[in-house]
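Good morning, and thank you for coming.

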Amino acid sequence: MDLYEHQARELLQENGVLVPRAEVVDTAEAARAAAERLGGRVVIKAQVKTGGRGKAGGVKLADDPAAAEQTARRILGMDIKGHTVHRVMVAEPVEVEREMYLGFTLDRAAGRFAAIASAEGGMEIEEVAARRPEAVARIAIDPAEGVTEAKAAEIAVAGGLPRETAGTIRRLWTVLTAHDALLVEVNPLVVTRDGAIVALDGKVTLDDNARFRQPSWDDSGDRARDPLEARAEAAGLGYVKLDGQVGVIGNGAGLVMSTLDVVAGCGARPADFLDIGGGASAQVMADGLSLVLDDPEVRSVLVNVFGGITACDAVADGIVRALDTVPLTKPLVVRLDGNNAARGRAILGQLAHPLVHQADTMDGAAARAAELAA
Amino acid sequence: MAIFLTKDSKVIVQGMTGAEGMKHTRRMLAAGADVVGGVNPRKAGTRVDIDGRTVPVFGSVREAMDVTGAGVSVLFVPPPHAKAAVTEAADARIPLAVVITEGIPVHDAVAFQAYARARATRIIGPNCPGLISPGQSNAGIIPADITKPGRIGLVSKSGTLTYQLMYELRDIGFSTCVGIGGDPVIGTTHIDALAAFEADPDTDLIVMIGEIGGDAEERAARYIADHVTKPVVGYIAGFTAPEGRTMGHAGAIVSGSSGTAAAKKAALEAAGVRVGATPTETAGLVVALLAESPGNAA
C-alpha cells in the first residue's frame, strides 16, 4: 500500500525527522485559510499516489493567501497520470541550500534492504542512476544488525551527504522497520539556509502482508477506487480491474496472469484479473462470478481452473450457485482440468445452460471467450 | 536421482496438526513421501493416525530430527508465527525447509532468509507449492497424480502454472518440479534450481517458468548462458499486466520499465532459451526439443 505524501510526512515527523509545517485541505477556501496560518507564502502540492507531479503542474508556489486559493482551485480536480487530485497539501516554503536523495528500498536479488543515497536530489533517482551510476550509492543492510551509528555514517559518506544526515538516516530506518515499510524515500532531503536537515517530500510504501500486526493502518482514506475492486476486497478476492471486455477468473496468480496473456493473444482484451485462490470453495467461485458479471464492460466470461487443491466440482457448484442469483446474460466459457475435473464437467453438462460453454483446453477456452466478446 | 528431494528424504511437518497441515500431510503420504513426524510444542508426545499410518508429534524440530533423522521440514505455519518456525528449523540445522505459508511480511522473510543462509538451511518459498519428485516424494501441496516420473526438471514462481505444465507434459514425466514462490524475497531461486538440474544426471531438459516483477529471470538468463548445457524451455506470465498493480503474487508487479514480461522473455531468448507464448505452446517446445535430441528422455 502506497501512502499519500501527507501520510508519509506524518510518519517521518512522528519518528523525529524534520518536515516543513503543512496542512492538508480539500477545498480552495481551506487552502487560503491554511496559507494565512502558515505565513502567507506557501507551496501547494497535489496529493496523488504517483510521481511526476511537478512536471504535470501539480506543485506550485503561491505568494499570498489569495494566490494560494487560486492555485489550489486549479490543482484540485486535476488529473495526473489517471489519478484525480482530491486534496492538496499547503506547505511552508523552505530556503534550500542543497538538495540530496535518501531512501531505503528492498533489494530483491540480495533478499535484503538497501540504503540508497545520492548528493544529487530533487529529480528522479532512476534518471540520475541511469546517467551517472557512480553518483548513487547503494549500501546493503544486514538484517541482524540494522542501521547502527557506524552504518549511518558509512551511508552518508558513500552517498556524498554531510555527516549531519546520519541521525536522519537512522530515523528513516526506524520508519522502515517499525512500520513494516517496503520503501521509505525522501527526495529531496535538503540542507536549509540555517543548516537544518529537512525532508521536503516523502514516499512510503507499506507491506500489506503486515496488516495483522499494524492495526493503526487506515486505508479507508479517500481512495478513489473502482467500486468493483472495493467489492472484491470486501469479499476477500484477488481482483484487479482492467479495461477490456473478456472477464477472466482463474485459480492461482500465475495461471490467471497467463490466462490474461492468452486472451490478449487471441486478439481480445481482458476485463479483469480475478484469482479465486487455492482450495476455493463454491461460495468463493459464486462471489467471483457475480462480481465479474456485474461489470458492465464485460461481454464474455472465461473461467480457467486447473484444480490442484481446488476441486473442479466445487468450482462448478459455485457457477451453478451464482447463476441461481445472477441471471446469465453473457456467454460463459469454462475450462476445468485437474482435481475432480470429470465431476465438475458433468455438473456443468447437466446444467445445460445455453450460454454456458465448456472447452477442453486453456487456449481453446480463451479463443472461444475472445470470439464471443467480439 | 531428482534434486533437493528423493525417495530417501525423511520429512517432518511444522504445523501438521492444523487443518491445512493435516490435509496435506495425508496427500504427501499418499504420494509416497516418508513423513516421519509433525511438530507442535503444545501436542508433543501425541500421535496422529492418517490413513492407517501413525505419525508422532514432536515438541520441536530439533527433537524430531534427533529421533527420526529427518532432513526436510514442510511448514504450514500461519504468517504471524512463520518467522519463529523457520528460525527454529534453521537453529536445528535442518538441510531443507519448505515454507508453504502465504502472506508472510517481507521484513520477516528478509530476517529468516539471512538467518537460514548463515546456518546452511536451504529454504524453498515462502508462498510456494513446495516440490515434488514424482514417484519418489512430495513436500508441499503439488498434486501428485497429474504426472509421472521422467526426465524433465521444472522450476516455477507459480503453483498453478507448475500444475498446468506438469499436466501438459504428463506423458513425458518429471525428475523434480520445484515451486519457488511468488514473493519478493525467496530462498531457493531459479538459478539455484537450474544449477541443481544441470548437475542432476536424471534431468535431460529444464522448464523454467517466470512472471513479472523483479529481475530474477534476467539473472537466470545470464546464468543459463554461462553455466547451463542442458536445453532450457521458458515461459513468462504477465505480458498484459498494467504497471504499478500487484497481480496476485506479492512479488508480481511491474515498476516503471523494470520487471516486464517482455524484458524477461528477451533476456531468456538472448541466452538461447526457447520461450513459449502460452503454457500449451511451451509444452510443445519441450516435446519438439526432445524429439530433436533422441538420446535424451524416456
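This is a predicted model: local features need pLDDT of at least 70, side-chain atom pairs count only at pLDDT 80 or more; totals for chains, interfaces and linings use all residues.

Let me start with chain A as a whole. Chain A contains 12 helices and 18 strands. Of the 374 residues in chain A, 54% are buried. If we take the contacts in chain A between residues at least 6 apart in sequence, 66% of them join residues at least 24 apart.

The helix α1 of chain A covers residues 5–14, and its buried residues include A:Glu5, A:His6, A:Leu11 and A:Leu12. Just after α1(A) comes A:Gly16, with a positive phi of about 90°.

I turn now to the interface. How much area do chain B and chain A bury between them? The value is about 3600 Å², and 62% of it lies on carbon and sulfur atoms. Chain B contributes 51 residues to the contact, and chain A contributes 41 residues. Across this interface there are 16 residue pairs in polar contact. On the side of chain B that touches chain A, at least two residues each come from several elements, among them α1 (19–30), α3 (79–91), α5 and α9 (279–292). Which element of chain B gives the most to that side? The answer is α4(B), with 7 residues.

The interface of chain B and chain A also holds 2 salt bridges. One of the salt bridges joins the side chains of A:Arg213 and B:Asp108, at 3.0 Å from N to O. I shall come back to A:Arg213 in a moment.

Next, the aromatic pairs. How many aromatic pairs does the structure hold over all chains? There are 2. In chain A, A:Phe104 and A:Trp173 form an edge-to-face pair, with 5.3 Å from centre to centre and 65° between the planes. Because A:Phe104 sits in strand β7 (residues 96–107) and A:Trp173 in helix α6 (residues 166–178), this pair ties together parts of chain A that are 69 residues apart in sequence. Is A:Phe104 buried or exposed? A:Phe104 is buried, at 1% relative accessibility. A:Trp173 is buried too, with a relative accessible area of 12%.

There is also an aromatic pair formed by A:Phe306 and B:Tyr167, again edge-to-face, at 5.1 Å centre to centre and 65° between the planes. This pair crosses between chains: A:Phe306 belongs to strand β16 (residues 300–307) of chain A, and B:Tyr167 to helix α5 (residues 159–168) of chain B. A:Phe306 is buried, at 0% relative accessibility, whereas B:Tyr167 is partly exposed, at 22%. In chain A, A:Arg87 lies over the face of A:Tyr4, at 5.7 Å from the ring centre.

Finally, the salt bridges. Over all chains, the structure holds 42 salt bridges. I return here to A:Arg213, whose side chain also meets that of A:Asp180 in a salt bridge, at 2.8 Å from N to O. A:Arg213 lies in the loop between β12 (202–206) and α7 (227–234), and A:Asp180 in the loop between α6 and β10 (181–192), so this bridge ties together parts of chain A that are 33 residues apart in sequence. A:Arg213 is partly exposed, with a relative accessible area of 32%, while A:Asp180 is buried, at 3%.

Another salt bridge in chain A pairs A:Arg41 with A:Asp63, their closest N and O atoms being 2.7 Å apart. Both residues lie in loops, and the pair ties together parts that are 22 residues apart in sequence. A:Arg41 is partly exposed, at 42%, and A:Asp63 counts as exposed, at 52% relative accessibility.

In chain B, B:Asp91 forms a salt bridge with B:Arg119, the closest N and O atoms being 3.5 Å apart. B:Asp91 belongs to helix α3 and B:Arg119 to the loop between α4 and β7 (122–124), so parts of chain B that are 28 residues apart in sequence are tied together. B:Asp91 is partly exposed, at 41% relative accessibility, and B:Arg119 is partly exposed, at 22%. To end, A:Glu29, A:Arg32, A:Glu36, A:Glu69 and A:Arg73 are joined into one network by salt bridges that share partners.

Key
Residues are numbered from 1 along each chain as its sequence is written. Chains are lettered from A and ligands numbered from 1 in the order in which they are written. Side-chain values use heavy atoms; hydrogens and water are left out. Rings of Phe, Tyr and Trp (its six-membered ring) pair if their centres lie within 6.5 Å; planes under 30 degrees apart count as stacked, over 60 as edge-to-face and the rest as tilted. Helices (H or I, at least four residues) and strands (E, at least two) are DSSP runs, numbered from the N terminus. Buried means under 20% relative accessible area, exposed over 50%, partly exposed in between (1.4 Å probe, protein chains only). A charge sits over a ring if NZ of Lys or CZ of Arg is within 6 Å of the ring centre and within 35 degrees of the ring normal. Contact means heavy atoms within 4.5 Å. Buried area is the accessible area (1.4 Å probe) that two parts lose on being put together, summed over both. A salt bridge is a side-chain nitrogen of Lys or Arg within 4 Å of a carboxyl oxygen of Asp or Glu. A polar contact is a pair of N or O atoms within 3.5 Å; within protein, one must be able to donate a hydrogen and the other to accept it, and residues adjacent in sequence count only if both atoms are side-chain atoms.
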